Amino acid sequence: MPRHRKWSEEDIAKLNSLARRYPTAQIAAALGRGISSTVMKAYELRISLRMKPKRGSRLDPNFDPGPAGADLLRGLEKDV
């Protein structure tokens with residue numbers, strides 16, 4: 001049976017700083033841990049791993065698609 005490393009204060013701080021900024025797989029690799037271990041610890045600490053939308057995405061209310069993109073975005077809003 002594999003031995004599990006305890007979560008240090010530095011590990012938790014790093015998890016907290018990377019959360020919502022990077023994909024879970026990258027966070028796990030940076031911590032030297034498995035994805036499931038990283039997800040479970042984030043869940044235990046109530047840290048969201050869901051990434052924030054990038055600026056300029058269709059969910060950004062300040063995004064101006066211009067005249068050519070307005071029709072395209074109108075079609076996408078129906079799917080959301």
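Figure 1. Of the 80 residues in the protein chain, 22% are buried. The model is predicted. The protein chain has 4 helices and 0 strands, and reading along the sequence gives the pattern α-α-α-α. Among contacts in the protein chain with a separation of 6 or more, 48% are between residues 24 or more positions apart.

**Figure 2. The largest nonpolar core.** This core has 10 residues in all. They are Trp-7, Ile-12, Leu-15, Leu-18, Ala-19, Ile-27, Leu-31, Ala-42, Ile-47 and Leu-49. The largest share is that of α1, with 3 residues.

**Figure 3. Ile-27 and its contacts.** Ile-27 belongs to the largest nonpolar core. Which residues does Ile-27 contact, once neighbours within four places in sequence are left aside? They are Leu-15, Leu-18, Ala-19, Tyr-22, Thr-38 and Leu-49. Of these, Leu-15, Leu-18, Ala-19 and Leu-49 are also listed in the largest nonpolar core.

**Figure 4. The buried side of α2.** Three residues in α2 are buried: Ile-27, Ala-28 and Leu-31. They lie on the same side of α2 because the arc they cover around the axis is only 100°. In general, an α-helix has 3.6 residues a turn, so residues three or four places apart point the same way. The cover over the buried residues of α2 includes α1 and α3 (35–44). Just after α2 comes Gly-32, which takes a positive phi of about 70°.

**Figure 5. Arg-20 in the loop between α1 and α2.** Arg-20 is located in the loop that joins these two helices. Is Arg-20 buried or partly exposed? Arg-20 counts as partly exposed because its relative accessibility is 33%, which falls between the cut-offs of under 20% for buried and over 50% for exposed. Not counting residues up to four places away in sequence, Arg-20 touches Ser-48, Leu-49, Arg-50, Met-51 and Lys-52. One of these, Leu-49, is also in contact with Ile-27. Arg-20 and Lys-52 are 32 residues apart in sequence, yet their C-alpha atoms are 5.6 Å apart in space.

Technical notes
Residues are numbered from 1 along each chain as its sequence is written. This is a predicted model: local features need pLDDT of at least 70, side-chain atom pairs count only at pLDDT 80 or more; totals for chains, interfaces and linings use all residues. Side-chain values use heavy atoms; hydrogens and water are left out. A nonpolar core is a set of buried Ala, Val, Leu, Ile, Met, Phe, Trp, Tyr and Cys residues joined through side-chain atoms within 4.5 Å. Buried means under 20% relative accessible area, exposed over 50%, partly exposed in between (1.4 Å probe, protein chains only). Contact means heavy atoms within 4.5 Å. The arc is that of the directions from the helix axis to the C-beta atoms.
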